[in-house]
Amino acid sequence: MIQLVLPDGNKMEFKEGVSLYEVAQAIGPGLAKAAVGALVDGELRDLRERVHENCAINIVTSASPQALEILRHTTSHIMAQAVRDLFPEAKLGIGPAIADGFYYDFDLSQRLSSADLGKISAEMRRIIAADLPIERLEKPKKEAEEILQERGEKLKLELVEELDMETVTFYQQGEFIDLCRGPHLPTTACVNPDAFQLTSVAGAYWRGDESRPMLQRIYGTAWEKKTDLDAYLERLTEIEARDHRKLMRQLDLVSFHEEAGVGLAYWHPKGGRMRVLIEDYWRKLHYEGGYEIVFTPHIGRAKLWETSGHLDFYRDDMYAPMDVDGQDYYIKPMNCPFHVMIYNSHTRSYRDLPLRWAELGTVYRYERSGVLHGMLRVRGFTQDDAHIICSPEQIDEEILRVLDFSLNLLRGFGFNKFKIELSVRDPKTPEKYAGEDRIWEQAEESLVKALEAKNFSYQRMEGEAVFYGPKIDIKIEDALGRMWQCTTIQFDFNIPGRFDMTYIGEDGTKQRPYMVHRALLGSLERFYALLVEHYNGAFPVWLSPLQVVVLPVSQDNIDYAQSIAQRLRAAEIRVQAWTEGGQTLNYLIRKAQMEKIPYMLVVGKREQENGNVAVRLRTEEDLGPRSLDQFIALINEKIERKELL
RNA sequence: GCCGGCGUAGCUCAGUGGUAGAGCAACGGUUUCGUAAACCGUAGGUCGGAGGUUCAACUCCUCUCGCCGGCUCCA
């Protein structure tokens, strides 16, 4: 007998080898009917699987979050079957469920286009209507290989050969059979024919490896109900409407120019104003936070990049050298070696440490053309970079500080939801990393200590550390629930040794300092794109390039409007009086709305007589008339608190 | 870089082998207006670029550049 623990803590006994479906039935027939799978010790399994030892069981019903994963996986199989029906020569790659949907990769000589998606969808509906039972078959590995060999499924064969198991599982529905771990729904009719949609076709290398053949990938999405699908599609439309590339053009913030170079951003006056505001805030916090700000050149001699090691391991991402008086100079892809130059400019004492040097350093990296993406991925960008150089004794404190500092900075921009990841070495391949074990252990310990001292929940990413040190990354969640990595805090066990950085310790001997790289916003370009999308272009007042427009009701109010603007300007409010052009008030309001200007001050006969302004917000809310001093007090408070409006 | 799609006026888009269009924006004029678009007019394009097929190419073909969706990469 084996003992299974239910989610409520109750325990039930079963004979060894009981199927999960039988377990569900034993708990309740209603549950068994609604069941689509089960979590066994947290791992998603098929109901037809059997359990042989004590474990925790959680039956997954269509109401469970995991149900969608199963549904999508099954939908991807139905799609694969449909593709095979239409293109019998298609070879199967892999077809997993992913966030919001699924995909399946095919090796198929005929080029699929989006026009084929309709045909494939129709075939899928036919398969769903046929209500084919989905069977789970366990096969010895050898037999599995024979089946795949016979069917010419060379990709699947490769997968099964790598599996370290005695038996593997297949799933079969009608004629279609596929090597698959599962789980799957009981029949094809469990998929709602109105709640899935094939979304796109794309190329994808087999197993993500560029040296391998390129397969054709079909993406799709699937939901329990049509209303869920519709809501999802609506969300995609919303994301598209908020695309920073579109908003930046509409709001006249940033442009790109084919004739002037790819992946290089041009900040227009309004975008530039915002960048200055971002940078000013950044500088203020950095000085308050004990940083010093440094400036370094844009190019450096080849020798420097040889010493740093960049020419060995980062060359592909660097631009070709330029000849300066017979010497090779490279444009910088990173700022670190330059900061090291400053450090090494004279002897450092332990009394000097910690040093915290920050720079808004503009770097250029050769990104491959296919990866460029608006302002999120460019070839020239400004990092909000800093290097913390300290003694081993100071490192815990410094990590704690920088974590706090980063979250505080990001909160200033209105981000309040974070996800923290701790990336550490892959313990299996210690030889891949620079620096001694002892240092790695201490570094990891400092990172963990800092996270735990702050009670931050974080995810440990085994083997995700870069070769020169462990790191903490902070991802922020935007208004649409998307996660973006901004902050990275990385130990560097490579550079200090390469440049022979030292300080004189208390005992008079030379010591090697610790160096931590950190970028908090990441790159200004990327962070700015993120702000644009997060706020949908309607920025908080403190960031708005134009905070107030004064709108005269008629020509008679132009002088008054201008005097109001002048007084606001004197109060350091960014303001314009729209007094040109003889347009109607409605026209001006619409224009201001489209430009997402936070405050509109309508001034007509009534306001002029009473010395007031009528305050309208871009949310369409009308605050009514108030004195200019009252308005200035209001807006200053909003600015001070970094509120939206 | 690779796979697929798309490039027409500043912007959003129509035009599928036979004389390049609309709305908005711009410019000129009229209008002086109370909370999301007043009215009339003018101008604006080697249809991304190069080559080819054709009597004729925005339209078909080849190459190329750029953008978009993926893959890959991301110290």
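Let's start with helix α18 (residues 585–594), which lies across β31, β33 (599–603) and β34 (612–617) and runs at about 170° to β31. Contact here means heavy atoms within 4.5 Å, and angles run from 0 to 180 degrees between N-to-C directions, with axes fitted to C-alpha atoms, for helices over the stretch in contact. Helices (H or I, at least four residues) and strands (E, at least two) are DSSP runs numbered from the N terminus. Another helix, α20 (residues 628–640), packs on the sheet and touches β31, β33, β34 and β35, its direction making about 120° with that of β35.

A quick word on the background: this is a predicted model, where local features need pLDDT of at least 70 and side-chain atom pairs count only at pLDDT 80 or more, while totals for chains, interfaces and linings use all residues. Residues are numbered from 1 along each chain as its sequence is written, chains are lettered from A and ligands numbered from 1 in the order in which they are written, and side-chain values use heavy atoms, leaving out hydrogens and water.

Now for the sheet itself. It is open, has five strands in the order β32-β31-β33-β34-β35, and shows mixed pairing. At its edges sit β32 (575–577) and β35 (622–627), each pairing on one side only; two strands pair if DSSP finds at least two bridges between them. From one strand to the next, the twist averages 25°. Strand β31 (residues 548–552) runs parallel to β32, and three bridges join them. In this pair, V549 stands opposite Q576 of β32.

Next comes RNA strand B. There are 48 residues around RNA strand B, and F313, M334, F467, Q555 and R590 come nearest; a residue is near a strand if one of its heavy atoms lies within 4 Å of it. Helix α18 turns up again here, giving the largest share of the surface near RNA strand B, six residues. Among the other elements that each supply at least two residues are β14 (196–205), β15 (214–222) and α19 (605–610). Of the RNA atoms within 4 Å of the protein, 51% belong to sugar or phosphate and the rest to bases.

Here are some polar contacts, meaning pairs of N or O atoms within 3.5 Å:

| Protein atom | RNA strand B atom | Distance |
|---|---|---|
| T584, polar side-chain atom | phosphate oxygen | 2.6 Å |
| R606, backbone N or O atom | base oxygen | 2.9 Å |
| E607, polar side-chain atom | base nitrogen | 2.7 Å |

Key
Polar contact = N/O pair within 3.5 Å; in protein donor to acceptor, adjacent residues only side chain to side chain.
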